[in-house]
Amino acid sequence: MDKHNEQRNGNYVANFPAPAPSGAYPTQSATFNILSFGAKGNGVSDDSKVNVLTKQALLAAWKSACKVTGAVVEIPSEFKFLIKPITLQGPCMTRLVFQIDGTILAPPNVGSWPKSSLYQWINFKWLYNFTIQGTGIVDGQGSNWWSSSQIIPLKKKRSKIIPDMKPTALRFYASYNVTVRDIRIVNSPLCHLKFDNSEGVKINNITISAPETSPNTDGVHLQNTKDVEIQHSNIACGDDCVSIQTGCSNVHIHHIGCGPGHGISLGGLGKDKSVACVSNIKVENIVMANTLYGARIKTWQGGLGSVKNVTFSNIQLSEVQVPIMIDQYYCDKNICKNQTGAVAVSGVKFDQIIGTYSAQPIHLACSNSVPCIDVDLIDIQLKPSPGCAGIQQALCWNSYGKSQAPLVPSSMDYCVKSGNDLVRRISRAYEDRC
């Protein structure tokens, strides 16, 4: 394993060092401490509002800071603030900073969440040149949501208390040039950090953590978002460490520790015959430990559009069930209808994927009607984890490209076939939807 890893409780944990700081945080012209707006900071009182007679403390601080260039909304250290669901929106003056040095807590009681606020806890929208930073913690207190998710199937009926929808901790919508750095985001009821319809996103040196058994607690979720860099961070959760959905392009993910979780995934794409377009994704210098998957692309049958120009390189694995996967038959139910259409997958490179697996080394299940093309396997060295039973051989179906030794296990030798013009024309016809 990499020299930056350490072993905790028998599991490897990635500890990529943060890049050398480029200097102190920018000097700000005005600081708006939420204590000055009536917040109590005892972890019990609702600090999204002081009482029914006064303005919401956080919202009041936000509105004041929003009017000042380079202002700071400060969550001070050594305090805990209980914040009910809230939307913090712009447009604001540029270089606004949300400085989280203390702890902010979501309401722990599921029943106290308004039905209108189940999509997200803290919602940022219409912001430009905005930064979240600090040494503090964003705690979604999601355990009550997860336990309910696990109980419902056993009872075979829906709970009257727990809603189907669960909130994302931090969500950005229609925002540009956004930076999130240094903070910790923990125990979200659903996704921890989500970006919709945004552009110019930088995520650096953050920690995301939730139990392995917490359902659908993705680390970072991207959709309809482009020009993204995620680096020097550690993500442990109950679902994808990073999830890339339709409408995403120019995404660079590097120096990430992932695990536990479901790996780094593109998709599922093309559900309900929708058009999915994802391009120019680069994932490199990753350590994955105790994840279900490693580098994964998953699409639904019947979808349209394309996934193209994707690179997974220099990925170190430990106890990963299936390290490499393209699954064009993705289905999250027991039975899904067979359909002929598919999201076209092309220009995918798996390069220097090295480590141990516990179920199957590679799974390339491409559509019967729309083959995967230009899939390259280069320097893949995967060995079964010690003591693992029931190891499967490589599964490779209808994928075209090239391979370059070493390829271990040897069952990967014939995973990708040499393509021809007919195969390319079929695939390109589906790409034209994007």
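Predicted model: local features only at pLDDT ≥ 70, side-chain atom pairs only at ≥ 80, totals over all residues.

Modeller: Residues are numbered from 1 along each chain as its sequence is written, and side-chain values use heavy atoms, with hydrogens and water left out.

Cys237 is buried, because its relative accessibility is 0%; here buried means under 20% relative accessible area, exposed means over 50%, and partly exposed lies in between, with a 1.4 Å probe and protein chains only. The structure holds six disulfides, a disulfide being a pair of cysteine sulfur atoms within 2.5 Å. With bonded cysteines counted along the chain, the pattern is 1-2, 3-4, 5-12, 6-7, 8-9, 10-11. Cys237 is in no disulfide, and the nearest cysteine sulfur, which belongs to Cys241, is 4.5 Å away.

Cys241 itself is joined to Cys258 by a disulfide, with 2.1 Å from S to S. The torsion about the S-S bond of Cys241 and Cys258 is about 85°, so this disulfide is right-handed. The pair links distant parts of the chain, 17 residues apart, since Cys241 sits in the loop between strand S20 (226–236) and strand S21 (242–244), whereas Cys258 belongs to strand S22 (residues 249–258); helices (H or I, at least four residues) and strands (E, at least two) are DSSP runs, numbered from the N terminus. Cys241, at 0% relative accessibility, counts as buried, and Cys258 is buried too, with a relative accessible area of 3%. Cys248 is also buried, its relative accessible area being 1%.

Another disulfide joins Cys331 to Cys336, with 1.9 Å from S to S, and the torsion about their S-S bond is about 80°, so that this disulfide is right-handed. Cys331 is partly exposed, with a relative accessible area of 26%, and Cys336 is likewise partly exposed, at 25%.

A further disulfide is formed by Cys396 and Cys415, whose sulfur atoms lie 1.7 Å apart. This pair, too, links distant parts of the chain, with Cys396 in strand S31 (residues 395–397) and Cys415 in the loop between strand S32 (399–408) and helix H3 (421–431), 19 residues apart. Within this pair, Cys396 counts as partly exposed at 26% relative accessibility, whereas Cys415 counts as buried at 2%.
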